[in-house]
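I'm going to pick a couple of spots and jot down what I find.

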Amino acid sequence: MAEASSPRLTRASHVWTVLAAAACLLPLLLQLPAHVSAGIAIVAIAVGGSSWTYRPPGWMRLLLSLSLLGIVLATFGFSFGRDTGCALLAAMLALKPVELPTVRDARSLLGFALFAPFATFLLDQGALSLLLGLAGALLVLAAMTRLAEQDVGDGGGIGRARTATG
């Protein structure tokens with residue numbers, strides 16, 4: 001029901017959302033084992049790139065999710081810990097753009113994406129992680145601003161919408 005009241009995502013807002021989520025995912029991928037990062041990155045690019053025009057059927061989304069889950073768990077020896085959790089977070093974030101038709105869904109993806117830079121700091125506290133995490137967070141803020149403007153329905157900006165309403 002709540003999804004029906006949320007406006008559909010415009011193409012520009014969709015691009016901002018996917019790019020901001022990718023920017024948040026990048027520092028985390030740099031800390032994971034190379035083959036896991038490569039697989040997750042390929043899925044993220046495929047899902048993010050096609051999410052505007054194509055929504056795969058449920059069985060395909062389930063198969064992709066289970067495949068990524070299996071690859072991540074097998075890589076870490078089916079043990080659960082910090083590294084496995086961070087890799088699973090990256091995999092889930094890579095798949096999330098498949099559910100992106102409305103502004104509400106975009107806000108959900110962006111909020112979820114902010115966990116990736118924080119998870120990066122569990123693995124590495126270096127300067128590159130900090131800079132990439134900061135860049136991702138700033139892009140999320142920019143994308144959230146864009147979504148707020150779209151939600152208000154005023155293409156000119158939030159400030160004008162507020163003065164018009166009160």
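This is a predicted model: local features need pLDDT of at least 70, side-chain atom pairs count only at pLDDT 80 or more; totals for chains, interfaces and linings use all residues.

Started with Val152: buried or exposed, or something in between? I got a relative accessible area of 47% for Val152. Buried needs under 20% and exposed needs over 50%, so Val152 counts as partly exposed.

Next I checked where Val152 sits. Val152 belongs to helix α8, which covers residues 127–152. Just after α8 comes Gly153, and I read a positive phi of about 90 degrees there.

Val152 and Pro7 are separated by 145 residues along the chain, yet their C-alphas are 9.9 Å apart in space.

Then I went over the whole of α8. The helix has 26 residues and spans 37 Å from first C-alpha to last, close to the expected 38 Å. Which residues of α8 are buried? I listed Ser129, Gly133, Gly136, Val140, Ala143, Leu147 and Gln150. A handy reminder: an α-helix has 3.6 residues a turn, so residues three or four places apart point the same way. The cover over the buried residues of α8 includes α2 (11–29), α6 (103–113) and α7 (115–123).

What does the side chain of Thr84 reach at 2.8 Å? I found the backbone oxygen of Ser79. Skipping neighbours within four places in sequence, I noted Val72, Leu73, Phe76 and Ser79 as contacts of Thr84.

How values were computed:
Residues are numbered from 1 along each chain as its sequence is written. Side-chain values use heavy atoms; hydrogens and water are left out. Helices (H or I, at least four residues) and strands (E, at least two) are DSSP runs, numbered from the N terminus. Buried means under 20% relative accessible area, exposed over 50%, partly exposed in between (1.4 Å probe, protein chains only). The expected span of a helix is 1.5 Å times one less than its number of residues. Contact means heavy atoms within 4.5 Å. A polar contact is a pair of N or O atoms within 3.5 Å; within protein, one must be able to donate a hydrogen and the other to accept it, and residues adjacent in sequence count only if both atoms are side-chain atoms.
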